[in-house]
Amino acid sequence: WARDGRLRGMINWYRASPLQVAQPGMPITPPPLPEDRLHVRCPHLLLWGMQDSALLPESTDGLEHFAADLTRIPFDTADHWIFHQDPERCARVILDWLA
C-alpha cells in the first residue's frame with residue numbers, strides 16, 4: 001500500500017466498477033438479468049469480515065440461492081480488509097478448503 005500508485009490502483013478499481021453499493025436500509029434494484037446467468041456452479045468459498053461497514057454482512061443474505069455449494073467463513077473481528085487484518089487465518093482457511 002505504501003508504494004507509489006498502489007492505493008490509487010485500489011481506489012480506481014472501485015471507481016471503474018459498474019457495481020453500486022446500497023446505503024443501509026436503501027436497497028438498489030439491479031438491472032434485469034437472466035437469473036440462470038447469475039449462478040455460480042462450482043464450489044465457492046466466502047470469507048467475510050463481520051465488522052465491514054462498506055459491505056454489510058447482511059449483503060450476503062441469500063447467496064446460497066446463487067451458489068449452491070457455498071462455504072461461508074465469518075471473521076468476527078475483521079472488516080473490509082480481512083486479508084490484511086488476519087492473513088494467517090485467511091491462508092489457513094483457504095488451504096484447508098482447497099484440500
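Mentor: Read along the sequence, this protein follows the pattern α-β-α-β-α-α. The model is a predicted one.

Trainee: How many helices and strands does the protein have?

Mentor: The protein has 4 helices and 2 strands. Its C-alpha trace spans about 40 × 35 × 25 Å along the principal axes.

Trainee: What share of the residues is buried?

Mentor: Of the 99 residues in the protein, 16% are buried. As for contacts with a separation of 6 or more, 64% of them join residues 24 or more positions apart.

Trainee: Which residues make up the largest nonpolar core?

Mentor: Start with the general idea. Nonpolar side chains in soluble globular proteins tend to be buried together. Here the largest nonpolar core consists of 7 residues: L45, L47, F75, A78, I82, C90 and V93.

Trainee: Why is F83 classed as partly exposed?

Mentor: F83 has a relative accessible area of 49%, so it counts as partly exposed. The exposed class begins over 50%.

Trainee: How should I read a pocket, and what is the volume of the largest one?

Mentor: The general idea is to look for gaps. Rolling a probe the size of a water molecule over the atoms shows where empty space is left. In this model the largest pocket has a volume of about 1,900 Å³. Its lining has 47 residues, and L19, Q20, V21, L55 and S59 are those nearest its centre.

Trainee: Which element gives the most to that lining?

Mentor: β1 gives the most to the lining of the largest pocket, with 5 residues. At least two residues of the lining come from each of α1 (6-16), β1, α2 (63-66) and α3 (82-85). Sorted by class, the lining has 30 nonpolar, 13 polar and 4 charged residues.

Trainee: How many salt bridges are there?

Mentor: To find one, look for a side-chain nitrogen of Lys or Arg within 4 Å of a carboxyl oxygen of Asp or Glu. By this rule the count is 1 salt bridge. The partners are E64 and R72, whose closest N and O atoms are 2.9 Å apart.

Trainee: Are E64 and R72 buried, partly exposed or exposed, and why?

Mentor: E64 is partly exposed because its relative accessibility is 39%. R72 is also partly exposed, because its relative accessible area is 32%.

Trainee: Now the loops. Where is H80 found, and which residues does H80 touch?

Mentor: H80 is found in the loop between β2 (70-75) and α3. Leaving out residues up to four places away in sequence, H80 touches Y14, D52, A54 and L55. With 24% relative accessibility, H80 counts as partly exposed. The C-alpha atoms of H80 and E35, which are 45 residues apart along the chain, are separated by 28 Å.

Trainee: And S53: buried or exposed, and why?

Mentor: S53 is exposed because its relative accessible area is 70%, and the cut-off for that class is over 50%. S53 is found in the loop between β1 and α2.

Notes: Residues numbered from 1 in each chain as written. Predicted model: local features only at pLDDT ≥ 70, side-chain atom pairs only at ≥ 80, totals over all residues. Heavy atoms only, no water. Buried < 20%, exposed > 50% of the residue type's maximum accessible area, 1.4 Å probe, protein only. Core = buried A, V, L, I, M, F, W, Y, C linked by side-chain atoms within 4.5 Å. 1 Å grid on protein atoms, 1.4 Å probe; cavity = no way out; pocket = protein on both sides within 12 Å on 5 of 7 lines; lining within 4 Å. Points joined across faces, edges and corners; volume = space filled by probe spheres on them. Nonpolar A, V, L, I, M, F, W, Y, C, P; charged D, E, K, R; others polar. Contact = heavy atoms within 4.5 Å.
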